[in-house]
Each structure stands twice: as structure tokens, then as C-alpha cells.
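Subject: Structure handover

Hello,

Here is the structure we talked about handing over. Please look through it first; my notes on what was found follow below.

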Amino acid sequence: KHPLIRLLKESRSHESLLSPSSAVEALDLSMEEEVVIKPVHSSILGQDYCFEVTTSSGSKCFSCRSAAERDKWMENLRRAVHPNKDNSRRVENMLKLWIIEAKDLPAKKKYLCELCLDDVLYARTTCKLKTDNVFWGEHFEFNNLPSLKNITVHLYKETDKKKKKDKTNFIGQVNIPVSSVTGRQFVEKWYPVVSPNPGKGKSPGPMIRIKSRYQSMSILPMEMYKEFAEYITNNYMVLCSVLEPSLSVKNKEEMASALVHILQSTGKAKDFLTDLMMSEVDRCGENEHLIFRENTLATKAIEEYLKLVGQKYLQDALGEFIKALYESDENCEVDPSKCSSSDLPEHQSNLKMCCELAFCKIINSYCVFPRELKEVFASWRQECSNRGRPDISERLISASLFLRFLCPAIMSPSLFSLLQEYPDDRTARTLTLIAKVTQNLANFAKFGSKEEYMSFMNQFLEHEWTNMQRFLLEISNPETISNTAGFEGYIDLGRELSTLHSLLWEVISQLEQSTATKLGPLPRILRDVNSALSNPACVQVSVTADHTASTPSAGNSISAGLQKMVIENDLSGLIDFTRLPSPTPENKDLFFVTRSAGAQPSPARSSSYSEANEPDVQMSNGSKSLSMVDLQDNRLLDSGANAPGAADSLNDSQSSLGQLQGVWSARTQQSSMSGMATDLVVLQDKLRISNKKLEEYETRFKCQEETTQKLMLEYQARLEESEERLRRQQEDKEIQMKGIISRLMSVEEELKKDHAEMQAAVDSKQKIIDAQEKRIASLDAANARLMSALTQLKERYSMQTRNGISPTNPTKLQITENGEFRNSSNC
């Protein structure tokens, strides 16, 4: 079978590493003064979507199924530790950093970098071989950081693992003061590598090119942003139309990102993207091909929204395929100027197979397509139909999804968090060619004279156009919206509002007064927020949730221990690595966080989640055991002092009901019979709702299972069809080769016969030539004797003449047949 198909079949999801029953954990945070909760980069543990919880008793690492799931678990824990987060002023520290490349290093060696923040290991790059330069091109992003002073990049040379010294060789380090990269702009430069043993020569040492930006952002209590958030929610179109002409491309990206996150939190993202897109359609008029091909706010907004709600979909749809391509050694170069003509048919077959697999993955991904994107695309289709231009809706949907999301993700998987490593040259070329074919398929266009070497794919494009149209209809069908999962990630609304305020404050201060007045009360709102930021005494100040540690031992020492174990490749000792189940109501009772009874939940409403609030369940005071999934529910954050027992919300399952009844029986002396009856009614309602949800989930699961089975059968049929087609092509090639060989053998026999005949003719002529040569030789001898006889005769005649004797009977000579002279006078 094809190697790429084999790699795809061998690849497996790791979602079920541990069963939910094995994930039962308890973290007692009631006596903790310092808790550090931070994500762990995949390069540290070799596992994606992990986070670490560090307390005075030690450190635990947990693994989740997606980045959104991990962020939600972390936020749940932070809110358990700091329930007053939304009602306090806090400081958020963020770092974005690219380790791009290194130069002036010895060739034919592999190199890697480790990224440390204040001497704590946070991430490492992959190993890369030195060619002209060592190119990594890897991106790292960290939020909720403690206050930092130094960024250090350690450079190592990988050595042979078979040798006794199996550790990497330390070459040197780059030290970057945080103050030198603090601000809104990125700093990109070549940094010298400081070696522990500098050479005495004058040759320049190694250097690393790094791009970085550190931001320390003050975030006010949510109440202080209320008017600002209301203005953004109700006046986003005015804001975009007034500011777009004066925004740089970079500012458009930041503004679009903040708006998308804010409006997703406030439930207006669909309206925002629809209004923005219809405005873009009106602006372009008949030049509809320009939509999504310019750096407008509309383009940047849909890009950011796709990344926000579509990251898990992207991983599910293309993650395994891209990983298999990275591991495959198939060559798909089909440009005749870059490969030999003998290899071209094989390369074309490889590329066609890869494109078929990629497109099969994409069109079969409709069952996991994000609900929010379906709603947006359905809204676009409806609006275009209302405007009398239903034909343009398909272009909008395909251009946004493929031109701005799927095809860029195929070309640059590392930029879309599909894989950390930047691809090698051959893989990058393969990904580029697949993206070209996929984009032409989305555009319903064939390859022309500009890329004539790709024209062999036109038959594939035409064959798949119908499937592409069906896929675009499916992902914008409003009737199937309820069948797909929605966005489950966490959005820090306070941070996004603070980011947008900082950007708008800078941009609007540079506007002319006549332009600024078009924004209504926004300049005044921004001034009010800025005044609050400038006056720290006006609100309570709170450091970010996971940086309350005052003693360095609980914060850095545990991470330093983690760093040591990671370097020594020993993760099975002190680190407790646990696979967490999905944070759903069905498994809320598996993971509990205890908190002292004196901790008061925040009365402020949090708009960070896109899920709906449920009614509160009030219970008596007592020791509080708070489920992590309960922490997801806004009701626990909204209840305040009026609902002191909100932390004891009931689970939506019969097992949690039994657990709660045990707690309830322990409190019977503190409660009245009427309260028990009331709570029992509430419990019965909850149980009935839970059973109804369970039936709904089972029906949905059965439907999805049938769909998946159908897709698997279809996919298997496509694979078998492809294999059969390849087998037939192979048989045809073998028949052709046999025919060619038989023709060559017959031609060879004819040539041998002709050669024998020609040789016989040559031999005959050679005999004639030899006979002629003999005759010529005898004639030459006779001629020589004749000349000798004539000479003798002449001499004799001369002597007789001188003596006065006249010959009376002259001698007559005759030449015999043998060329001899004979005297004829005697005859």
C-alpha cells in the first residue's frame, strides 16, 4: 500500500489514554497561600495540551484533549484560587517570541535551543541540521507570566546518542533583558551567543536571530469596562468604518483580533462578521474577486475568528494528514525544470494521491465543523440571497475558509499550531503544491498556461467540483447547526478589552478632531478608562491568579526540578502526569478542588464563556467542595453572597446526586424540613433535565456514530478504488514493458541476420581482392624481367654497332604465357 496511507492508518488519536475513572484527583487548596498554574509546552513533556499545578506540596501535570480544553481547565482552577478575579485590578504579563535562525556555526551538526524565562525552562526548539544557516522558524507564546527580568536562549549541539556522553553539548547562550523588548512593537535582531569558553581568534562567534515582544498589561475590574464594552458591542461598524483608513496593517490585525474575541464573548460575533462582510461586498461591487484578497479589517477579522473557533477543527481535519506528510519521504516535485523526466510520472502519481487524501479529509470533516462558523456562513448565504446576489455567497464561504485558513495552514502548519517544527525543503514543496491544488479546487478553476506543469491535475479538479459544492452547502446549512459542537475555549474578556483600549487610545489621539467626533462618546470613554489606569489607588490591585507566590521556592524550584527531569529524560519519577477527561457535565464529579469556607466568590458577572447560564442551586453553608466543571458555569461566578452554597452545585448525573445526598444527610441538623423539600424538588428537576440531556446526547452520539461509520466506509471504498486504479496502472505498465522488450528482441534478431549476410559478402569480396592482388604481383615480376631483357638487348645491339657488325639474323624474342622471353629465331 501507499506509504502515506500506511502512515495515516498507523496514526492514532490519544484522547483515550486514560479512562475517566482513572482521572479522579483532589487538590486541597484551602491552606495554600501560593499556587502556580501554567501551561507546559509540548516540547517539554512530549505531549500536547498539558498544564502544571504547583503548590507547596509539589507539582502535578495534567493533559487535555485540545488547547481550548486546557485553557478552560486552567481558568477554572485560577478562579477557584482567586474567585474575585473579575472584580479586582490585575497585571497580565505576555511574551511572544520567534527563534528564527542561527549563523556562523560548524556545518554537518544538529542544533537546538532551550528557552528559559528567569532561569526556568519553558520550551525548546526541534533539532535542525546546519546547512547555510540553522533555520528553526519556531514560534512561542506565553500568557499569565510572572514578572520577568531576563529571557535566555541556550544553544546546544546534539551529539551521537550511541556514545557514552549522551547529553547535548552546550555552546553558549543569548541573554535578552526584558526591558529591551517591552512595548507594543516587536523587536527583531541578531543576538551574539555568549560562550562559556570564548575562543582567542578574531573570527566572529555564533549569532541567533530572535523576534520578541513582552507586554505587561494592567487590567481593570470588569465594571470599569462596562461602558466601553457596550459601545463596542453596539457601534462596531461605526468604529471600523471611521478608523480603517488610518490603521496600519499591523494595527488592523490587533484591532480585528480584539474585536472578534470581545464580540464572541458578548454573543455578537456572528452579527459583526456578517455586517462587516456585507459592507465589504458593497465596497467591492462587481469586483467580487478582490474580496479577502486585501488587508482590510473584514479580512483580518474573519482570519482571527477562524483561528479562534476553528483551531480544534483544523487539528481534527488535517492534523494527522500533515503529520504523516512530515514523516513521509515521498517526492511530489512535478516541475520538469526541477526533476528528471524519468521520475516525473512517479512524482505526479504521488502528488495526486496526496491531494486526494487531503481533500478527502476536508470534505469528510463537515461532521466536526464548528457550529459558530456554520452560523456565520449560513448568515452570509441568507444576506446575499436577500440582496439578490446568491451567487456570491459560495465565493465568500470558499474564499474565507480556504484562502484564509485551510490552504495557509497546509502551507505553514507551524504557524497554525498543527506542528511545532518548520518543514524541510521537500516537505514544504509538497505542502505548497497540495495547497495550490486545493485552492484551485475551492476557486473552481483549472490550471492554465501559467503553471502548465500542473495541468495533469485538471481532471482531478473537475471530478471533485461537485463534492466541493456539496461541502460548501453542508457547512452553511442552517438545518444542521444544532448537530455540531460549539466553541468551548476560554476568552479573557478583561485582557481583550484592555488590549483594544490601548490600541484605540493610541490611534484616536492621532486623528483629526473632525474624524474623532464621528465616534461619538468613544473618546470620552477611553479617557475615563485611561484615568482609572493612571490612578492605581482607585481600585483594589490583584496580581494575576498564578503569580501570588512570594517565596521563590514554591514557584521556580518546582519548575527547576521539572527542568532537570526533562533534561535527564526522566519524567516517570516525581512528576504526576494525569490525563484529564473533557470538562463536561457527565464527568464533573471526577475532579474536585476544595476551598476554605471564608473565600467569597465574585459578585461580578463574567462574560468569558459562550455557554448559557443555568439557574442557581442554593445550599447551606459548610465546607465547600467545588467541581472543576462547576467552575465553568457562570452561575458560580455570578451568585455572590446571596448564594453562599453555590460552590456545592449538583452534578447533572445520578452518581453526583447520590454523592450530594450523602453530604445533605450530614447537614440535616442545620436545615429545616421545608428547605429539604424545596431542594429535593430542585434535585428532581435537575435529574429530569439530566436524563433528557442524556437521551439527547445518546441520540446525537448514535447519529454521529452512523455518520462516522458511513464516512469510514466511503473513505475505505475510495482507498480501495485508488489502490485498484494503481494496480491496473501497474499491470498496464508491465504489459507495455513486455511489448517493448519483445519488440527489442525481434529487432535484435533482424540486426544479427543482416550482420551475418553483410559479413559473408565482405568475405567473398575479400577473396576476389586477394586473387587480384596475386595477379598484380605476378605482372609486376614479369614486367621487371621484361625491362631487364630489354636492357640486355639494347646493350648487345649497341656493342655490335660499335664494332661495325650488322646483325644478319637478328634474334627474335617472344614472350611466353608465363611472362618469359623465348628466342624465336630457332623455330
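This is a predicted model: local features need pLDDT of at least 70, side-chain atom pairs count only at pLDDT 80 or more; totals for chains, interfaces and linings use all residues.

Residues are numbered from 1 along each chain as its sequence is written, and side-chain values use heavy atoms, with hydrogens and water left out.

Strand β6 covers residues 110–117 and pairs with β7 in the antiparallel sense, over four bridges. Strands pair here if DSSP finds at least two bridges between them. Helices (H or I, at least four residues) and strands (E, at least two) are DSSP runs, numbered from the N terminus. β7 spans residues 120–124 and is mostly covered, with five of its five residues buried. Buried means under 20% relative accessible area, exposed means over 50%, and partly exposed lies in between (1.4 Å probe, protein chains only).

The hairpin has two residues between its strands. D118 sits in the loop between β6 and β7, and its phi is near 50 degrees, a positive value in a residue other than glycine. Most residues other than glycine have a negative phi. D118 counts as partly exposed because its relative accessibility is 25%.

**The β3–β4 hairpin**

Strands β3 (residues 50–55) and β4 run antiparallel and are joined by six bridges. Two residues lie between them in the hairpin they form, and T55 stands opposite G58 in β4. β4 takes in residues 58–63 and is mostly covered, five of its six residues being buried.

Q47 has a relative accessible area of 18%, so it is buried. The C-alpha atoms of Q47 and C64 are separated by 9.5 Å, with the two residues 17 apart along the chain.

The loop between α11 (391–411) and α12 contains S417. S417 is not a glycine, yet it has a positive phi of about 60 degrees. Its relative accessibility is 52%, so S417 counts as exposed.

Helix α12 runs over residues 425–443 and includes T427. Is T427 buried or exposed? It counts as buried because its relative accessibility is 6%. Apart from neighbours within four places in sequence, T427 is in contact (heavy atoms within 4.5 Å) with L325 and Y326.

The axes of helix α9 (residues 344–363) and α12 come within 10 Å and cross at roughly 55 degrees. α9 is therefore oblique to α12. Axes are lines fitted to C-alpha atoms, for helices over the stretch in contact, and angles run from 0 to 180 degrees between N-to-C directions. Angles under 35 degrees count as roughly parallel, over 145 as roughly antiparallel, 65 to 115 as roughly perpendicular, and the rest as oblique.

The crossing of α9 past α12 is right-handed. A crossing is right-handed if the near helix is turned clockwise from the far one by less than a right angle, and left-handed if anticlockwise. On the α9 side, L351, C354, C355, A358, F359 and I362 take part, and they meet L433, I434, V437, T438 and L441 in α12.

**Helices α7 and α10**

How do the axes of α7 and α10 lie, and at what angle do they cross? Helix α7 (residues 269–284) and helix α10 (residues 371–386) have axes that come within 9 Å and cross at roughly 40 degrees. The contact is made by K270, L273, T274, M277 and M278 of α7, together with E375, V376, S379, W380, E383 and C384 of α10. The two helices are therefore oblique to each other, and α7 passes α10 in a right-handed crossing.

**The annotated region and the whole chain**

An unreviewed UniProt entry carries the annotation "coiled-coil region" for residues 680–739 and 769–796. UniProt positions are given in the numbering used here, feature names are shortened, and annotations may be inferred rather than shown by experiment. In the model, residues 769–796 are 100% helix and 0% strand, and the end C-alpha atoms of this span lie 41 Å apart.

For the protein chain as a whole, the secondary structure comes to 21 helices and 19 strands. Of its 827 residues, 45% count as buried. Among contacts in the chain with a separation of 6 or more, 73% are between residues 24 or more positions apart.

Regards
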